[in-house]
Amino acid sequence: MTWHLVTKTVTVEDGERALVWRDGQLVRVLGPGRHALLDPLHRLMVQVYDVVRAEYPAERYAVLKAARPDLAAELFEAVETGANEIAIVSLDGRPTHLLTPWQTRVYWRVATKVEVERIDIASDVRVSARHLAMIERNRPGIVTEAVVENHEAGLLHVDGKLTERLAPGRHAFWAIGRKIEVKRLDLRPTVLEITAQEMLTKDRIALRVTLTAFRRIVDPEAAVATSPDVDAWLYRLVQFAIREAVASRTLDEVLAAKVSLDAELRDYVRARLGVSGVEVTELGVKDVILPGEIRDLVNKVVEAERLAKANLIRRQEETAATRSLLNTARLMEENPLLLRLKELESLERLVEKVGRIDLHAGDGAGLDALLTRLVRLKAPETA
């Protein structure tokens, strides 16, 4: 009988390992080099793997661990996570993989240093800055990030429950198995424009009123608990306030009572805001828009009032001027010297307006008599 020896040659390079199986059972692990395996009955199967920062199929690892636990512990590092656990796997000191709850990964350890950091996400919902730099950012549903500006307040809600108020800055939270929501509220004063509101006055005149309100949030927690939309809620309150104020006044009262109307609106709104966490600093009527025909009538009334006022002022001035003239006449009548001064003033004004004056004294009375007779405000007394 002649025996023919059958050999199988296997070459394993650096960074590789070869697993030799006989009839489905692991019998050898081959390192780098050239190997000759005796296999006369063709019962051997050789699998060559890259072992540098590489994974090994978890299902095959389970079979190998059951049959050869010693080899499994020598060749591989198995990482398994629990229900509330995150694992960051570093290969040769470099974070490479992130394992979420209920995951299993197997890594070759013969040529790679495998390090595992486990994080209990049930005890702390926050992601530290160090972990945030290590994990993969493009995996949705694992981490939720939010940035709170200096003028904002951030309210953290976990599964619908308000847990804390966040300071300005960047924040990250584990979102696995829970709902994370960060509500950001602007704490700066905000202008709210209440557009033209159509309503009827007490005397059944339709008009439109535009208002402006300045509001700011002083208590973010109370504001969120009061209303999901602060501006919409405040808008409705101002609407109710202006309708109630206009409906109880006539048109003339609305037009005449702007200052008191603004104060009434502020008191109305502030009383209903209460402890809502929202403060209204200013609230007032910006414009009152009347229908065309009513506006024309109001303009005519205003014009008539101004004309009557102008006539009254003119009559008062005429009366005052007449009274002043009467007083002057009485003084002149009682004081001849004052009368003479007035005559000279009149002559001076007359001279200023002419370029030349020729005086002729026909009766030879002289210049003094001529000046005396030229301007005379008082008739000569008769004998």
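In which helix does Leu341 lie? I looked this up and found Leu341 in helix 9, where helices (H or I, at least four residues) and strands (E, at least two) are DSSP runs numbered from the N terminus.

**Basis.** I am working on a predicted model, in which local features need pLDDT of at least 70 and side-chain atom pairs count only at pLDDT 80 or more, while totals for chains, interfaces and linings use all residues. Residues are numbered from 1 along each chain as its sequence is written, and side-chain values use heavy atoms, with hydrogens and water left out.

**Nonpolar patch.** I noted that Leu341 is partly exposed at 45% relative accessibility, given that buried means under 20% relative accessible area, exposed over 50%, and partly exposed in between (1.4 Å probe, protein chains only). Leu331, Leu337, Leu338, Leu341 and Leu344 make a nonpolar surface patch of about 450 Å², and helix 9 (residues 336-352) gives the most to this patch, with four residues. Patches are made of residues with over 30% relative accessible area and no salt bridge, like charges being joined within 9 Å and nonpolar side chains (Val, Leu, Ile, Met, Phe, Trp, Tyr) within 5 Å.

**Whole chain.** I read off ten helices and 19 strands for the chain, and 32% of its 383 residues count as buried. The chain exposes about 24,400 Å², of which carbon and sulfur atoms supply 52%; accessible areas come from the Shrake-Rupley method with a 1.4 Å probe, and for residues only the protein chains shown count as cover.

**Sheet 17-18-19.** I followed three strands that form an open sheet in the order 17-18-19 with antiparallel pairing, where two strands pair if DSSP finds at least two bridges between them. Strand 17 (190-200) and strand 19 (278-289) are the edge strands, each pairing on one side only, and neighbouring strands of this sheet are turned by 20° against each other on average, direction ignored. Nine bridges join strand 17 to strand 18, and Gln197 has Val209 in strand 18 as its bridge partner. Helix 5 (residues 230-247) packs on the sheet, touching strand 17, strand 18 and strand 19, and its direction makes about 40° with that of strand 17. Helix 7 (residues 258-273) also packs on the sheet, touching strand 18 and strand 19, with its direction at about 145° to that of strand 19. For these angles, axes are lines fitted to C-alpha atoms, for helices over the stretch in contact, and the angles run from 0 to 180 degrees between N-to-C directions.

**Thr210.** I placed Thr210 in strand 18 (residues 206-217), where Thr210 is buried, with a relative accessible area of 13%. Leaving aside residues up to four places away in sequence, Thr210 touches Ile194, Thr195, Ala196, Val285, Lys286 and Asp287, a contact meaning heavy atoms within 4.5 Å.

**Salt bridges.** I found 17 salt bridges in the structure, each being a side-chain nitrogen of Lys or Arg within 4 Å of a carboxyl oxygen of Asp or Glu. Arg118 forms one with Glu85, the closest N and O atoms being 3.4 Å apart; Arg118 lies in strand 11 (residues 114-120) and Glu85 in strand 8 (residues 85-91), so the pair ties together parts that are 33 residues apart in sequence. Arg170 and Glu145 meet in another at 2.6 Å, N to O, and this pair links strand 15 (residues 169-174) with strand 12 (residues 143-148).
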